[in-house]
Amino acid sequence: MSISGPELKLRELGIVLPSISPPAGNYVSVIRTGNLVLTSGRAAPAIDGVVPKGKLGREYTSDEGYQFARLACLDLLAAVQKELSSLNQIVRFVELHGALNTTEDFSDHAHVLDGASDLLVEIFGEAGMHVRSVIGVHSLRNGVPLTVKATLEV
């Protein structure tokens, strides 16, 4: 069986999807209904054994947030791949939503979420383009700096 589509693009980019992090509560990571797949919020997985915790604008810069969004999106893709068996089933990403744990004066939300958006376009091309929203919040579960969630068509 030859590899094609997003699965091939991951290989070409040298990207290996992480092991899926478990849900932080009583819910599932991914639900498929009809031709839509919805994900729960995904945070950046542990980096060198340490889970990032803290606020953007205090413990982390917007560039570090960009990298966290990219890592969280990889975790999201790993969960979707487990549900679908292959990312090649994805027709397009419909919506991406980011929640950022920020200081009151933080204002670089768009740049941070671009970490996830840029990754989706790198892997899926035009099918990775999506509508999106991003909000800053006072706190997130377990003190993580951000979460991302998506709706996609299969």
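Predicted model: local features only at pLDDT ≥ 70, side-chain atom pairs only at ≥ 80, totals over all residues.
Where is the place of Ser85? Ser85 sits in the loop between α2 and β3.

Helix α2 covers residues 62–84, 23 residues in total. From its first C-alpha to its last it reaches 32 Å, which is close to the 33 Å expected at 1.5 Å a residue. Just after α2 comes Ser85, with a positive phi of about 75°. Ser85 is a residue other than glycine.

Asp48 belongs to the loop between β2 and α2. With a relative accessibility of 78%, Asp48 also counts as exposed.

I turn now to strand β3, residues 92–101. Of its ten residues, seven are buried, so the strand is largely enclosed by the rest of the structure. On the question of pairing, β3 has two partners to discuss here, β5 and β4. Strand β5, residues 146–153, runs antiparallel to β3, and eight bridges join the two. Within that pairing, Arg92 has Glu153 of β5 as its bridge partner. Strand β4, residues 131–137, pairs with β3 in the parallel sense, over seven bridges. There, Gly98 stands opposite Val134 of β4. How does the chain pass from β3 to β4, and what is the hand of the crossover? The path leads through helix α3, residues 109–124, and this β-α-β crossover is right-handed.

Finally, the surface. Which residues make the nonpolar patch of about 190 Å²? They are Leu36, Leu38 and Val94. Leu38 lies in strand β2, residues 36–39. Its relative accessible area is 36%, and Leu38 is therefore classed as partly exposed, a class that lies between the limits of 20% and 50%.

Strand β3 is largely enclosed, with β5 antiparallel to it and β4 parallel. Thank you for your attention.

Conventions: Residues numbered from 1 in each chain as written. Heavy atoms only, no water. Helix = DSSP H or I, 4+ residues; strand = E, 2+ residues; numbered from the N terminus. Expected span 1.5 Å × (residues − 1). Patch = residues over 30% accessible without salt bridge, like charges linked within 9 Å, V, L, I, M, F, W, Y side chains within 5 Å. Areas by Shrake-Rupley, 256 points an atom, 1.4 Å probe, with all protein chains shown as cover. Salt bridge = Lys/Arg side-chain N within 4 Å of Asp/Glu carboxyl O. Buried < 20%, exposed > 50% of the residue type's maximum accessible area, 1.4 Å probe, protein only. Pairing = 2+ DSSP bridges. Right-handed = clockwise from strand over helix to strand, strands pointing away.
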